[in-house]
Amino acid sequence: MSQLATFEVDKHEKFFNRFLLLLPSKLQSEDSNRLALIYFSLHGLGLLKRLNFSKEELIKYSQFIYNDFLIENEEFVAFRATSAFKQTPEYDFGNLSATLFALLNLLILESDYSSKLNNHKVMKFLSMLQVKEGEHKGSFVPTLREVNGKFEQYGESDLRLCYIAASIRHLMRYDSLSPSERINDIDTSALTEFVLNRINFSGGLSAISDVESHLGFTYCGIGCLRLLNYKFGPEFDDTISWLVHRQVDYPAELYNFDYEYHQEEDIGSFNGRDNKFGDTCYSWWCTGSLALIEPKNLSLVDLDRAKYYLLNTTQNQLLGGFSKDPDSNPDPYHSFLAIASLALWQQYEDIIIENGATTRHAESSSDPEPFKFDGIDEALVITKKSKEFFQHTIHY
Ligand code: GRG
């Protein structure tokens, strides 16, 4: 491993600010993911400790989220994915992931959403989306549609939506209310059971039963359980092992033959499933999952190599940001998750070193002081500052 590349904090700051100002035309089709793109950029800047909005700007941007995305009717409160259909009510519905990203954006914009959003009505939306029977019982669908004046569930369920629902429930503080106060609660036992049933023989989790385990879904299952206060025990040992084996390594003696997925520069990265190339985002989905089960699990992977992959292979030294792999352009999703990973590893550095793995080896004594990130909450994937704002300001 040659010397670690510098972390280009100023360029990353500019990169996220550019995306907040203007989306490239290439991302036109991502309009319905606008709240997610804003989330990656705002929390990315937050982790860099470079979110420097004035009070007026914080209010103005929060107002934009309430005005353009909030849907409130007699039954429920939710956020829409795109304001494009605001004027056409027949297509204008609340969306589960938009609701989560709106709330996470409001937290970092320091808006006390508990004074504006009725938590029972948000939970009503969640309850309406939870699957009540059949093989997907306990899981969630993404949205509702109106048929003959009645709402019905619309879309396919999967583990991402389970994680998103558990996050929203936590943000509505339903886990700190007494059972009699939780008037619109979801069925948390059915949700827990649905997630536990997605664990495959390999230890990884899949979107639906008996299909290939995938790291993104594995994070979502583990994150969902953590947000439901599940206590992880030895039943997750195989999952830990599967997670550790997501890190790509190609010892030359093993790969002297022609192996389709052999790519020297992938060493240290993580892949999403067996026999796939490494990808920046899986640095987060893997090490975030390991930390959610127990932070000392982070010492089971080689974080020196992992850091080298991000800083030297997918960091864009010219434009700022991080790309999916060395051949792609940087984008907000991979940039945020690379920075979230680096912040997580720094946050648990003492535990990692105590348990025998080092992250300090990668830095020589002549290197300048490493950049200090804000902390990260590995369950909600938000800055420590936003988590503190939630704890101190959001009361229901
Ligand atoms: C709060 C950060 C945050 C997220 C919310 C949406 C979500 C929760 C998590 C997404 C988890 C994730 C990455 C799921 C995997 C989705 C999927 C089907 C990936 C497969 O994509 P391929 O086949 O990738 O392009 P690989 O690397 O497997 O080839």
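**Entry 1: Valine 381**

I began with valine 381, which counts as buried because its relative accessibility is 5%, below the 20% limit used for that class. The model I am reading is a predicted one. I then looked up the backbone of valine 381 and found phi near 55°, a positive value in a residue other than glycine. I placed valine 381 in the loop between β5 (376-377) and β6 (382-383).

**Entry 2: Asparagine 229**

I noted a positive phi at asparagine 229 as well, near 65°, again in a residue other than glycine. This asparagine is found in the loop that runs between α8 (215-227) and α9 (237-244).

I turned to strands β3 (residues 143-147) and β4 (residues 150-154), which pair in the antiparallel sense over five bridges. Which residue in β4 stands opposite arginine 145? I found glutamate 152 in that place. Two residues separate β3 from β4 in the hairpin. Asparagine 148, in the turn, has a positive phi of about 50°.

**Entry 3: Helix α5**

I asked how many of the eleven residues of α5 (residues 119-129) are buried. The count is nine, and I recorded the helix as mostly covered. Among the buried residues of α5 I listed Val122, Met123, Phe125, Leu126, Met128 and Leu129. Asn119, Lys121 and Ser127 are also buried in this helix.

**Entry 4: The whole chain**

I counted 14 helices and six strands in the chain. The radius of gyration is 21 Å, close to the 21 Å that the globule rule gives for 396 residues, so I recorded the chain as being as compact as a globular protein of that length. Along the principal axes, the C-alpha atoms fill a box of roughly 65 × 50 × 40 Å.

I found that buried residues make up 54% of the 396 residues. Of the contacts between residues at least 6 apart in sequence, 67% join residues at least 24 apart.

**Entry 5: Surface and charge**

The side chains include 37 positive and 56 negative ones. I recorded 6 Å between the centres of the two sets.

Methods: Residues are numbered from 1 along each chain as its sequence is written. This is a predicted model: local features need pLDDT of at least 70, side-chain atom pairs count only at pLDDT 80 or more; totals for chains, interfaces and linings use all residues. Side-chain values use heavy atoms; hydrogens and water are left out. Two strands pair if DSSP finds at least two bridges between them. Helices (H or I, at least four residues) and strands (E, at least two) are DSSP runs, numbered from the N terminus. Buried means under 20% relative accessible area, exposed over 50%, partly exposed in between (1.4 Å probe, protein chains only). The radius of gyration is taken over C-alpha atoms; the globule rule is 2.2 Å times the number of residues to the power 0.38. Contact means heavy atoms within 4.5 Å. Lys and Arg count as positive and Asp and Glu as negative; His and the chain ends are not counted. The place of a charge is taken as NZ of Lys, CZ of Arg, CG of Asp or CD of Glu.
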